[in-house]
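Here is a short briefing to read alongside the model. Please keep the 3D view open as you go through the points.

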Amino acid sequence: MTAQETPPPLPNHSARSEAAHSKATNTKAKFTTVRDELNQSLAGHQKLIERLLVAIITGGHVLIEGSPGLAKTRTVNQFAQLLDAAFARVQATPDLLPADLTGTNIYQQHTGTFNFVAGPLFNNIILFDEINRAPPKVQSALLEAMGEKQITAAGKTYLLQSPFMVVATQNPIEHEGTYPLPEAQLDRFMFFVDVAMPTPELEHQILDIVLSESQIVSGNNPVTTIHAVLNADDIQAAGQTASTVFISDAVKDYIVRLVTATRGYGNAGDEARAVEHAASPRGSIFLARAAQARAWLNDRDHITPEDIQVLAPDILSGRIILNYHAQARGITARQVVHRILEHTAVV
Ligand SMILES: Nc1ncnc2c1ncn2[C@@H]1O[C@H](COP(=O)(O)OP(=O)(O)OP(=O)(O)O)[C@@H](O)[C@H]1O
Ligand SMILES: [Mg+2]
């Protein structure tokens with residue numbers, strides 16, 4: 001079997017599957033519209049936009065690392081507006097409390113009772129800025145929400161809405177007064193996306209985009225109405241269809257060899273020696289699921305090795321931790337993943 005093997009023939013079409021097919025095409029067209037609209041108003045963020053779309057389809061969460069002013073807030077804000085989704089933004093500070101995220105019981109004087117007032121986690125998309133400034137108790141409240149899609153607040157457990165997606169940001173240059181995320185927390189993110197400084201060409205595009213907008217801006221949002229394109233049903237339907245995208249045994253084997261290379265298996269021996277904490281099975285699961293969604297977004301009914309190669313750095317780099325020697329030599333987890341990709345045969 002080769003990695004590019006063709007998927008098995010589709011079963012006979014019935015009227016019902018025709019209807020399902022046309023609904024899926026319609027859903028796909030909406031996703032394409034969202035992608036195009038975002039790409040029009042954000043210069044050079046194609047990769048981040050694709051990761052956000054894959055994450056919403058697969059129920060994943062995204063950690064964005066980048067310096068201030070690179071349109072992280074603008075991207076997530078506009079993404080949330082294109083979805084018919086409730087959006088909340090939380091700025092992490094060292095004095096943030098878990099209840100600031102989950103909500104709390106508040107005494108109602110006129111009735112003499114306590115009422116639960118839901119916190120920002122009861123939205124569909126939560127932008128959690130500077131996550132590493134939040135104290136560990138807040139990070140673990142977020143962890144429960146991300147992993148279980150439920151929260152415990154004031155002694156009760158509440159189910160969160162669907163879709164539910166956390167997009168957290170981290171500034172790579174500021175470390176003072178921060179609480180690095182524990183490994184368990186990191187593992188719950190699907191993607192770790194690096195946002196780089198724009199090139200001169202992109203800087204021109206950014207100026208053109210921003211200057212063409214209305215002068216009255218509130219925060220990062222030009223005062224123009226962005227109409228929601230996708231609703232919760234579309235997102236669920238996309239998730240269902242994407243989960244049926246064909247993944248061959250050869251591609252599965254490729255995923256396993258890449259992920260287990262971080263544990264010292266296979267031919268990537270030198271690279272693996274830099275790894276202190278290897279990728280968990282969530283690495284393989286997220287790679288497979290994300291590749292299915294990426295294939296679906298790109299009009300394919302099967303995963304190719306290219307899906308895996310494109311996605312692996314953003315999925316695996318955040319879930320491996322390098323040992324002291326590698327860190328002292330200035331090697332990054334992303335570089336190790338790239339080397340593992342270079343040294344792992346596709347078939
Ligand atoms: N690639 C880009 N495309 C379009 N606009 C951009 C781009 N990069 C920066 N901008 C503009 O720069 C400004 C800052 O963006 P934004 O506030 O979203 O950045 P940020 O990454 O969230 O910053 P911070 O880390 O300080 O919160 C906005 O006016 C935004 O329109
Ligand atoms: Mg911001």
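Helix α3 is mostly covered in this predicted model, with eight of its 11 residues buried. The buried residues are K72, R74, T75, V76, Q78, F79, A80 and L82. From this helix, we can move on to the ligand, then to the sheet and the helices packed around it.

**Around ligand 1**

- The shell around ligand 1 has 17 residues, of which P68, A71, K72, T73 and R74 come nearest.
- Two elements each give two or more residues to that shell, namely α3 (72–82) and α7 (200–211).
- By residue class, the shell around ligand 1 holds nine nonpolar, five polar and three charged residues.
- K72 and R74 are among the residues that come nearest to ligand 1, and both are also on the list of buried residues of α3.

**The five-stranded sheet**

- Reading across the open sheet, the strand order is β2-β5-β8-β1-β9, and the pairing is parallel.
- At the edges sit β2 (87–91) and β9 (191–195), each of which pairs on one side only.
- On average, and with direction ignored, neighbouring strands of this sheet are turned by 20° against each other.
- Strand β1 (residues 62–66) runs parallel to β9 and is joined to it by five bridges.

**Helix α2 and its neighbours**

- How do helix α2 (residues 46–58) and helix α8 (residues 232–242) pack, and at what angle? Their axes are 7 Å apart and the angle is about 90°, so α2 and α8 are roughly perpendicular to each other.
- On the α2 side the contact is made by I56, I57 and T58, and on the α8 side by I235, A238, G239 and A242.
- The residues of this contact of α2 with α8 comprise five nonpolar and two polar, with no charged residue.

- Strand β6 (residues 150–153) pairs with strand β7 (residues 156–159) over four bridges, in the antiparallel sense.
- Within this pairing, A153 stands opposite K156 in β7.
- Two residues lie between the strands of the hairpin, and A154 takes a positive phi near 50° there.

How values were computed:
Residues are numbered from 1 along each chain as its sequence is written. Chains are lettered from A and ligands numbered from 1 in the order in which they are written. This is a predicted model: local features need pLDDT of at least 70, side-chain atom pairs count only at pLDDT 80 or more; totals for chains, interfaces and linings use all residues. A residue is near a molecule or strand if its C-beta atom, placed from the backbone, lies within 6 Å of it. Ala, Val, Leu, Ile, Met, Phe, Trp, Tyr, Cys and Pro count as nonpolar, Asp, Glu, Lys and Arg as charged, and the others, Gly among them, as polar. A residue is buried if 20 or more other C-beta atoms lie within 10 Å of its own, exposed if 12 or fewer, and partly exposed in between; C-beta atoms are placed from the backbone. Axes are lines fitted to C-alpha atoms, for helices over the stretch in contact, and angles run from 0 to 180 degrees between N-to-C directions. Angles under 35 degrees count as roughly parallel, over 145 as roughly antiparallel, 65 to 115 as roughly perpendicular and the rest as oblique. Two residues are in contact if their C-beta atoms, placed from the backbone, lie within 7 Å. Two strands pair if DSSP finds at least two bridges between them.
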